[in-house]
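Have a go at each task before you read its solution.

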Amino acid sequence: MDHIIGWLSENYIEVLGAILGFLYIIFSIRQNILTWLTGLITSALYIYVFFASKFYADMGLQFYYLFISVYGWIFWARNTENKIKVPIKTTDKKTAVYLLSITTIFFIIIGIFLDKVTDSPVPYWDSFMTSGAITATWMLARKHIEHWLVWIVVDFVSIFVYISKNLETTAFLFTVYTVMAVVGYFSWKKEYKLQLIKQEDFKRSNNLPQNH
């Protein structure tokens, strides 16, 4: 018992970040605007955690999360009318190519920087997680359903990277993230189909051209 209390006292910031991170993913699945508040607080906590563990790209990513949390909060709030959520969208081919290109560029630049300038033990894995997370979070803010697929890959890879750095609590959190990302994808996919049905019903009732 003393060992557990001692470990918690030494790692309470990481534990608190993990708990808030879990709430963040739950709110994301539910498309609740509190996603961005919990994300904001989680990012602030993990700036310290990743700095202490020398995950510099991930630490820098948390500053990006602070910004995107504010952006996502404003975007969701401005585009929500009469408690109707911002509609889910799919990523068209042009946008997908653009996002893939940007992600690849980020991966190369961040990886080289970490490898040459810092003492990161896993520069390119760190870069992979960072560049993928940048893309996925932006897609979440804009409510692209495919952001869940990006998270599944990034979170799964993160599990093994964090285990290698003895961040067991964070590794466990990302295991949960991986599972919840799968749940989130199918939850959003179900709602997206219902959304399309409602749109078609609206068009029929108003004699508008329908999609084919």
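**Rings in a predicted model**

**Exercise 1.** Is phenylalanine 156 buried, partly exposed or exposed?

*Solution.* Remember that this model is predicted. Start with the relative accessible area, which is 47% for phenylalanine 156. Buried would need under 20% and exposed over 50%, so phenylalanine 156 counts as partly exposed.

**Exercise 2.** How are the rings of tryptophan 148 and tryptophan 188 arranged, and which helices do they lie in?

*Solution.* Two values are needed here: a pair of aromatic rings is described by the distance of the centres and the angle of the planes.
- Step 1: the centres of tryptophan 148 and tryptophan 188 are 5.7 Å apart, and pairing needs them within 6.5 Å.
- Step 2: their planes stand at 90 degrees, so the pair is edge-to-face.
- Step 3: tryptophan 148 lies in helix H7 (residues 147-164) and tryptophan 188 in helix H8 (residues 168-205), so the pair ties together parts 40 residues apart in sequence.
- Step 4: tryptophan 148 is buried, at 0% relative accessible area, and tryptophan 188 is buried at 0% too.

**Exercise 3.** What kind of aromatic pair do phenylalanine 156 and phenylalanine 160 form?

*Solution.* Their centres are 5.3 Å apart, with 75 degrees between the planes. Over 60 degrees counts as edge-to-face, so that's the label for phenylalanine 156 and phenylalanine 160. The two sit four residues apart in helix H7, so about one helical turn separates them.

**Exercise 4.** Where does the charged end of lysine 143 sit?

*Solution.* It sits over the ring of tryptophan 76, 5.0 Å from the centre. Now check tryptophan 188: lysine 143 lies over its face as well, at 5.4 Å from the ring centre.

Terms used
Residues are numbered from 1 along each chain as its sequence is written. This is a predicted model: local features need pLDDT of at least 70, side-chain atom pairs count only at pLDDT 80 or more; totals for chains, interfaces and linings use all residues. Side-chain values use heavy atoms; hydrogens and water are left out. Rings of Phe, Tyr and Trp (its six-membered ring) pair if their centres lie within 6.5 Å; planes under 30 degrees apart count as stacked, over 60 as edge-to-face and the rest as tilted. Buried means under 20% relative accessible area, exposed over 50%, partly exposed in between (1.4 Å probe, protein chains only). A charge sits over a ring if NZ of Lys or CZ of Arg is within 6 Å of the ring centre and within 35 degrees of the ring normal.
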